[in-house]
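The following report describes selected features of a single protein model. The sequence and structure are shown first, and the commentary follows.

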Amino acid sequence: MSQQPVERAAFRLRSAEIGIALLFLAFGAIVIFDSVRQGARWVADGPQPGYFPFYLGVIICISSAVTLVRALLMPAANNRTFVQVGQLKLVLSVLVPSAVFVALVGWLGIYVAAVLFVALFMRWLGKYPWWKVGAVAIGHSVVLFLIFEVWFLVPLPKGPLERLLGLG
C-alpha cells in the first residue's frame, strides 16, 4: 500500500491564530474607538449609543489578546498544518471571484454581475459548453429579476444596462 505525498503547508496553526487574533484585535479597537466617539457612558436617562458596543469591543479585544498570547506560546509540537497549498487554492478559487462579484454589483448592477459570475463558474470550473453557460447565466438573472422586482417588488441594485433598458 503506497502512501500519498504530503502536500506543502500554506499556513501553520500558529501563523493562522496570530493573523486572525490581530485582525479581530484591530476590529475590536475600531469598535471601541467609534463607541467612544458616539458616547459610551451611562447618563441620567440611560446608556449612550456607544455604551454596549464599547463593552463588546473590549470583550473582543481581550479575547483576541488571549488568543494571540496562546498562539505565541504554542509549543512547536502543536504547530501543525492549518491549511495546505492545494486546499487554499480551492478556497481562493471561490473567494476571489465572489469578491469581484460583490465589487461589480456597485458598477454593473446585480443582474449583469450575476450573469458574469454564473458564466465564469460554469465555464471555468464546470467546463460547460457556451450555449448552456449563456442559457443558465441569463436565465438565472431573468428569474432573479422576476422574483424580486416583479413578484416581491423589491428593487435590487441596477447598473447602466438596466437604466438603458428603462428598468432602473
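## Lys158 and its surroundings

The backbone oxygen of Leu156 lies 3.2 Å from a polar atom of the Lys158 side chain. The model is a predicted one, and Lys158 is placed there in the loop between helix 5 (130-151) and helix 6 (160-164). Lys158 counts as buried because its relative accessibility is 15%, which is below the 20% limit for that class. Apart from neighbours within four places in sequence, Lys158 is in contact with Gly109, Tyr111, Glu149, Arg163, Leu167 and Gly168.

One of these contacts, Glu149, is also the salt-bridge partner of Lys158, with the closest N and O atoms 2.8 Å apart. Both residues of this pair are buried.

## The salt bridges

Side chains of opposite charge can pair when their charged atoms come close.

| Salt bridge | Closest N and O atoms |
|---|---|
| Lys158 and Glu149 | 2.8 Å |
| Arg37 and Asp34 | 2.6 Å |

Arg37 and Asp34 both belong to helix 1, and because they are three residues apart, about one helical turn separates them. An α-helix has 3.6 residues a turn, so residues three or four places apart point the same way. Are Arg37 and Asp34 buried, partly exposed or exposed? Arg37 counts as exposed, its relative accessibility being 58%, while Asp34 is partly exposed at 28%. In the other pair, by contrast, Lys158 and Glu149 are both buried.

## Helix 2 and its packing

Helix 2 covers residues 51-72, 22 residues in number. The distance from its first C-alpha to its last is 32 Å, close to the 32 Å expected at 1.5 Å a residue. Which residues of helix 2 are buried? They are Tyr51, Gly57, Cys61, Ser64, Leu68 and Ala71. The elements against which the buried residues of helix 2 pack are helix 1 (13-38), strand 2 (42-43) and strand 3 (46-47). Helix 1, which holds the Arg37 and Asp34 pair, is thus one of the packing partners of helix 2.

## A nonpolar surface patch

Val91, Leu92, Leu95, Val96 and Val100 make a nonpolar surface patch of about 420 Å². One of these residues, Val96, is found in helix 3 (residues 85-108).

Key
Residues numbered from 1 in each chain as written. Predicted model: local features only at pLDDT ≥ 70, side-chain atom pairs only at ≥ 80, totals over all residues. Heavy atoms only, no water. Helix = DSSP H or I, 4+ residues; strand = E, 2+ residues; numbered from the N terminus. Expected span 1.5 Å × (residues − 1). Buried < 20%, exposed > 50% of the residue type's maximum accessible area, 1.4 Å probe, protein only. Contact = heavy atoms within 4.5 Å. Patch = residues over 30% accessible without salt bridge, like charges linked within 9 Å, V, L, I, M, F, W, Y side chains within 5 Å. Areas by Shrake-Rupley, 256 points an atom, 1.4 Å probe, with all protein chains shown as cover. Salt bridge = Lys/Arg side-chain N within 4 Å of Asp/Glu carboxyl O. Polar contact = N/O pair within 3.5 Å; in protein donor to acceptor, adjacent residues only side chain to side chain.
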